[in-house]
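The sequence and the model come first.

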Amino acid sequence: MNSEILNGIKERRSIRKYKAEQIKDCELDAVLEAATYAPTGRNLQAPKMVVVQDKETIEVMRKINAEVMGSPDIDPFYGAPTVVVVFTDKNVSTHLEDGSLVLGAMMLAAHAVGLGSCWIHRARETFETETGKELMKKWGIGENYVGVGNCILGYADCEMPEARPRKSDYILKV
């Protein structure tokens, strides 16, 4: 039994406060490589990850995301210096599942290399806007792709949150 993997799954938490310091390339590369091994339907590997570390681009995405959320003055990226947007080909029947698995693998890998991470919603809505579509075009992401989620990465600037108790009816054995 590989208890190291099981412990990593149990210990990982969503981090919502980050240091301004940019993460190391070797850490980012390890997280991204691990995410490419996430399972995908029929092994089509349809998702694409776009790494955004440019502060101006993150600010553009922040504004759109916050407006979609209905709170234009907040930072839905919690000050993280890296945002990885996961897109998937909407013509692939398992596109949402595939993108979700990539995001999950990324967050587990981030924990394994000592980074904080959190899944941030509203990627679909962000990249349905005219500005979002312009960014996709600039990045070479085709119109058949949709945003599944954003994975923020950085060094935590807070204590590791405690795990909430698991609900009693989480598992049903039949």
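In what follows, buried means under 20% relative accessible area, exposed means over 50%, and partly exposed is in between (1.4 Å probe, protein chains only). By that definition R122 is buried, with a relative accessible area of 19%.

The model is predicted, so local features need pLDDT of at least 70 and side-chain atom pairs count only at pLDDT 80 or more, while totals for chains, interfaces and linings use all residues. Residues are numbered from 1 along each chain as its sequence is written, and side-chain values use heavy atoms, with hydrogens and water left out.

**Confidence and overall build**

The mean pLDDT (the predictor's confidence in each residue, from 0 to 100) is 97 for the protein, and 100% of the residues reach 70 or more. Confidence is lowest in helix α1 (residues 3–11), with a mean of 95, and highest in strand β2 (residues 82–89), with 99.

The protein has 6 helices and 4 strands, where helices (H or I, at least four residues) and strands (E, at least two) are DSSP runs numbered from the N terminus. Read from the N terminus, the order of elements is α-α-β-α-β-α-β-α-α-β. The radius of gyration is 16 Å, close to the 16 Å that the globule rule gives for 174 residues, so the protein is as compact as a globular protein of that length. That radius is taken over C-alpha atoms, and the rule is 2.2 Å times the number of residues to the power 0.38. Along the principal axes, the C-alpha atoms fill a box of roughly 45 × 40 × 35 Å. Of the 174 residues, 40% count as buried.

**A nonpolar surface patch**

M1, I5, L6, I9 and L108 form a nonpolar patch on the surface, with about 540 Å² of accessible area together. Patches are made of residues with over 30% relative accessible area and no salt bridge, with nonpolar side chains (Val, Leu, Ile, Met, Phe, Trp, Tyr) joined within 5 Å and like charges within 9 Å. A salt bridge here is a side-chain nitrogen of Lys or Arg within 4 Å of a carboxyl oxygen of Asp or Glu. Accessible areas come from the Shrake-Rupley method with a 1.4 Å probe, and for residues only the protein chains shown count as cover. Helix α1 gives the largest share of the patch, 3 residues. M1 sits in the segment before α1 and is exposed, at 92% relative accessible area.

**Two arginines with positive phi**

R42 lies in the loop between α2 (25–35) and β1 (48–52), and R122 in the loop between β3 (116–120) and α5 (123–126). Neither residue is glycine, yet each has a positive phi. R42 is exposed, whereas R122 is buried.

| Residue | Phi | Relative accessible area |
|---|---|---|
| R42 | near 55° | 66% |
| R122 | near 75° | 19% |

The backbone oxygen of R122 lies 2.7 Å from a polar side-chain atom of T126. T126 belongs to helix α5 and is buried at 3% relative accessibility.

Y18, in the loop between α1 and α2, is buried at 7% relative accessible area. Its side chain reaches the backbone oxygen of I15 at 2.8 Å and the backbone nitrogen of S117 at 3.3 Å.

Technical notes. Polar contact = N/O pair within 3.5 Å; in protein donor to acceptor, adjacent residues only side chain to side chain.
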